[in-house]
Amino acid sequence: MSNDQASRLRQLAQGVPHEAPLFAARVVAITSGKGGVGKTNVVAGLALALSQQGQRVVVMDADFGLANLDILLGLSPKYTLEHVLKGEKVLEEILLDGPSGIRIIPASSGVQEMTRIDTLAELRLVQGLQRVAETADWLLIDTAAGIHDSVLRLLMAAQEVILVTTPEPTSLVDAYAMVKVLHLREPAKPLWLLVNNGQNPEEAEETVEQLQAAVARFLGKQLQVLGMIPGDPHVLQAVRQQRGVVDLFPHCPASLAFQSLANQLLRRVSLQPDGFATFWRQLASGDPH
Ligand SMILES: Nc1ncnc2c1ncn2[C@@H]1O[C@H](COP(=O)(O)OP(=O)(O)OP(=O)(O)O)[C@@H](O)[C@H]1O
Ligand SMILES: [Mg+2]
């Protein structure tokens, strides 16, 4: 975004009331250093588990390169974020009803990068998001993997960030790199660690310890541990059937873990009085610092 565009958005963002309504959603972005570690499955799993606890959940697919949240849940969106960005639809018109009452904001693959979205398009998006968030308890954002500006902006704007890693050394190294970048930009940002696809609890525990040790030693920081989702063949079966594993196999190990993690989120992520307004302002500020 050019300086011009950024300053215009900042001016507009100043119009956001400082006292946001208390029913504003908690905004949680789910990310990873390395791709393919299970982010989209984690987003779907947490969304379904939260919804089954009576929470109103909206999930946004912000992976503009390779959108696939809708495919994972067996939905075929007619309209996507691309239509909102072009001004052809408002956000409410592209919302899809998913399983267990969750609502999905679909992206379409191959859309221009967030970085190349112009000011007006971004305004349409953030204003739409603000309206939708007022009807939700949670806005979960599925991001693309890696350290790109467009992803970082979403992560900076979100109230909380869940970093997904697997126990594989490559995933761990990339997770550390992501923690470092986020920490340098915003040391106080709550960062939750989720270990996915571990073979057993010991392996997942070791992964947490290794990452915590590196983060403490080199960044003087401590990650909050959200928990672990075990590697579970039911996940792949559910993907093949384009159903959420929590819906299809509610008692399998992965689903039980999603339910327990959803409880953790409910207990530990508090509603910030200014949560969504902050999201709006930070997104509109256009610069990940
Ligand atoms: N807990 C798990 N147990 C077994 N398989 C899993 C688990 N989590 C994810 N997978 C499998 O890993 C693969 C990648 O998952 P997913 O698409 O959610 O990753 P991603 O991080 O969103 O990828 P991308 O970076 O491409 O967006 C899928 O085939 C999925 O079925
Ligand atoms: Mg994904």
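Axes are lines fitted to C-alpha atoms, for helices over the stretch in contact, and angles run from 0 to 180 degrees between N-to-C directions. This is a predicted model, in which local features need pLDDT of at least 70 and side-chain atom pairs count only at pLDDT 80 or more. Residues are numbered from 1 along each chain as its sequence is written.

**Exercise 1.** Describe how the axes of helix α7 and helix α8 cross.

*Solution.* The axes of α7 (residues 149-157) and α8 (residues 169-185) come within 11 Å of each other and cross at roughly 60°. The two helices are therefore oblique to each other, where angles under 35 degrees count as roughly parallel, over 145 as roughly antiparallel, 65 to 115 as roughly perpendicular and the rest as oblique. On the side of α7 the contact (heavy atoms within 4.5 Å) is made by L152, L155 and M156, and on the side of α8 by M178, V181, L182 and R185.

**Exercise 2.** Find where R56 and D137, which meet in a salt bridge, lie in the chain, and state whether D137 is buried or exposed.

*Solution.* The side chains of R56 and D137 meet at 3.1 Å, N to O, and a salt bridge is a side-chain nitrogen of Lys or Arg within 4 Å of a carboxyl oxygen of Asp or Glu. R56 lies in the loop between α2 (39-52) and β2 (57-62), and D137 in the loop between α6 (119-133) and β5 (138-143), so the pair ties together parts that are 81 residues apart in sequence. With a relative accessible area of 18%, D137 is buried, whereas R56, at 39%, is partly exposed (buried means under 20%, exposed over 50%, partly exposed in between, with a 1.4 Å probe and protein chains only).

Notes. Chains lettered and ligands numbered in written order. Heavy atoms only, no water. Helix = DSSP H or I, 4+ residues; strand = E, 2+ residues; numbered from the N terminus.
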